[in-house]
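Subject: Structure handover

Hello,

Here is the structure I said I would pass on.

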Amino acid sequence: MTLRDAGEYIAALPKKEHEAPEWRAAMEALLLVVERGGPTLFTRIGVMRALNRHYVPELNPKGKAPHWGRRKLKRDR
């Protein structure tokens, strides 16, 4: 995609969705890149956050299992 494609996509959104804070931030990032030559990664991050704004990652309270105690050294066998 190009920056123009991103701008056209944002402009084509319905008014209710267009005024969401996530899309406003994406538009500001796009303008920063276009007008001032900022890093294009800002626009990508803004658009991706706006596209995934309704996604809530699941929280696993256990987390990752600890690594200790799994493996034994050869000398301890």
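The notes below cover the pocket, its lining and a surface patch.

This is a predicted model, in which local features need pLDDT of at least 70 and side-chain atom pairs count only at pLDDT 80 or more, while totals for chains, interfaces and linings use all residues. Residues are numbered from 1 along each chain as its sequence is written, and side-chain values use heavy atoms, with hydrogens and water left out.

The largest pocket holds about 260 Å³ of space. (A pocket is an open set of points on a 1 Å grid over the protein atoms alone, where a 1.4 Å probe fits, with protein on both sides within 12 Å along at least five of seven lines; lining residues have an atom within 4 Å of a point.) Two or more lining residues come from each of α1 (3–11) and α4; helices are DSSP runs of H or I with at least four residues, numbered from the N terminus. α4 gives the most, seven residues. By type, the lining has eight nonpolar residues, three polar and one charged.

Arg44 is part of the lining and sits in helix α4. Its relative accessibility is 55%, so Arg44 counts as exposed (exposed is over 50%, buried under 20%, partly exposed in between, with a 1.4 Å probe and protein chains only). Arg44 and Leu3 are 41 residues apart in sequence, and their C-alpha atoms are 9.3 Å apart.

Leu51, also in the lining, belongs to helix α4 (residues 40–51). Leu51 is partly exposed at 42%. Together with Tyr9 and Met48, Leu51 makes a nonpolar surface patch of about 270 Å². (Patch residues have over 30% relative accessible area and no salt bridge, and nonpolar side chains are joined within 5 Å, like charges within 9 Å; a salt bridge is a Lys or Arg side-chain nitrogen within 4 Å of an Asp or Glu carboxyl oxygen.)

Regards

Key: Accessible areas come from the Shrake-Rupley method with a 1.4 Å probe; for residues, only the protein chains shown count as cover. Grid points are joined across faces, edges and corners, and a volume is the space filled by probe spheres set on the points. Ala, Val, Leu, Ile, Met, Phe, Trp, Tyr, Cys and Pro count as nonpolar, Asp, Glu, Lys and Arg as charged, and the others, Gly among them, as polar.
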